[in-house]
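I opened a new notebook page for this chain. I wanted the overall picture before any detail.

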Amino acid sequence: LSRRIEGARSLERRTHLGRLAEVLADELGRPEEAVSAYKRALEIDPEFVPALAAVARHLGRSGQIDEAVSLWERILVLSDRPEASPKPPAALRAEAHLRLGQVARRRGELDAAEAHVKAALAEEPDGGAAPDVLVEVLESSGQGERLLAVLARRTEIASGPALTALVRLRAKVLERQGRSAEAAALYRAVVDEAPEDAVSLERLVALHRHEAKNAELVWPLERLLELARGPRADELRRTTSAKLDPEALALELARVLVELGTEDARAEGLFREVLERAPANATALEGLLTLVERRGAADEVESLRRRLADATLAAQSTGLTEKARAHLRDPGGEAAAYALLAQAELEALPLEGLVLRAELAGNQGELEDAAASIRRLREAASEDDEGTIRQLSQRLGALAMGKDVPPALAARVLEETLAVDPQNRSAAEGLLKLYSALPDPVERRDALTSLLERAASLPPEGRAEAHARLARLARDAGDLRTAETSLDAALALELSDE
């Protein structure tokens, strides 16, 4: 009886630790402490499934691959054990197979990797792994088409917000594959079903903007501007990742209309609306000046030129940085602070303004502007500022590797990061990943060769991977001598790393 009582108490403690870990991870944002609680739960019950999964994920993220593999395998053993209760859910079984397949592929065990992936996909569509796990594993192994097929099967049984999230996810995968037209069609389908889906509208704008498709930009910009001025604007900003900045949207829509040359009067009205709220907005003044000159209103042209000159001088002053910092003291003022600094020419900003603009541009997802700010900072800074520049470039490089960044933009930003800091290992490894995925074999070969010559920070395993990829490219091209040379270099690096 005493053993039964003690056993019941142990299970109660285990369950309590599991609940504590959930609160620490999900509600308090303290993942390290959550893992500690899960580990204590495993000391009581080595087969406590939630703890096995949480600790396995943590070990994988920490680079402790062998330890993580052991836990994922234990989860699968429990799945096959008839007396296990409760059994690991289907989604967790699928995740275990995907993680084990990922490790097997890295180790060159391709048959085992494929067997694990097939076992994971056998749980589809209603029992598959979490979408982020599925995307990470299949994309990292170059199985984009397979991933899209799985996501398409899931959409057939999903509904409501889950369906919207899946369609958006498919669109993001297509974006990363460079299939922007298909991605845009999916985002448009989401918006047709949910007209207030500002997140999908912003992705549409980003896609069309990146490809300079001004005609396609008009409709989503109009809809976003309507939402930004509407009664639910604050709620949408609070509950989604949408920025919904009415001033920025009005300026971009006006710019697009000017470039299209079809609705000058409407564009002029938008510029004037912005100037009513921000009389010194240089972008609006410049756009309005262009339109007024176009229709030959000489008196107003001179007035606008004076206002633009004054606004430009104001933007060039050091006080601009202080105004931006003042915006940062307000809740949600980061977008306004960046918009203020973005009005200025980079050459006119002081060093602290360039640092702040680079930081804010990165936060706002404007990676090209962040990279341009860092380039200007490098030109204007002294040796004493090198540490700050290196920190900014490292952060920018990390942002460039985000899931929603187009590969071409990510490559440009990471190249800038590597130019600032040739010892930046993460930038070199990011470029290796991007260049390894280039579809054209000649471009892939040239990019990888150049990277090996420039990136001293690429670790031995990364250099070995690059040489191995070059060997395969040379073999496929029939250049066996080069293939052999590259393979020898890869093997030498592998041996030196051991």
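What percentage of the residues in the chain is buried? I looked it up: buried residues account for 44% of the 498 residues. I note that this is a predicted model.

**Whole chain**

I checked the secondary structure next. The chain holds 27 helices and 0 strands. I then took the extent of the C-alpha trace, which spans about 95 × 65 × 45 Å along its principal axes. For the surface, I got an accessible area of about 26,200 Å². Carbon and sulfur atoms own 51% of that surface. I also looked at sequence separation in the contacts. Of those between residues at least 6 apart in sequence, 48% join residues at least 24 apart.

I picked helix 20 (residues 351-363) and helix 21 (residues 367-380). Their axes come within 8 Å and cross at roughly 155°. Angles over 145 degrees count as roughly antiparallel, so helix 20 is roughly antiparallel to helix 21. The crossing of helix 20 past helix 21 is left-handed.

Which residues make the contact? From helix 20 I listed Leu351, Leu354, Val355, Arg357, Ala358, Ala361 and Gly362. From helix 21 I listed Leu367, Asp369, Ala370, Ser373, Ile374, Arg376, Leu377 and Ala380. I sorted the residues of this contact by type: 10 are nonpolar, 2 polar and 3 charged. Among the listed residues are Arg357 of helix 20 and Asp369 and Arg376 of helix 21.

Technical notes. Residues are numbered from 1 along each chain as its sequence is written. This is a predicted model: local features need pLDDT of at least 70, side-chain atom pairs count only at pLDDT 80 or more; totals for chains, interfaces and linings use all residues. Side-chain values use heavy atoms; hydrogens and water are left out. Axes are lines fitted to C-alpha atoms, for helices over the stretch in contact, and angles run from 0 to 180 degrees between N-to-C directions. Helices (H or I, at least four residues) and strands (E, at least two) are DSSP runs, numbered from the N terminus. Angles under 35 degrees count as roughly parallel, over 145 as roughly antiparallel, 65 to 115 as roughly perpendicular and the rest as oblique. A crossing is left-handed if the near helix is turned anticlockwise from the far one by less than a right angle, and right-handed if clockwise. Contact means heavy atoms within 4.5 Å. Ala, Val, Leu, Ile, Met, Phe, Trp, Tyr, Cys and Pro count as nonpolar, Asp, Glu, Lys and Arg as charged, and the others, Gly among them, as polar. Buried means under 20% relative accessible area, exposed over 50%, partly exposed in between (1.4 Å probe, protein chains only). Accessible areas come from the Shrake-Rupley method with a 1.4 Å probe; for residues, only the protein chains shown count as cover.
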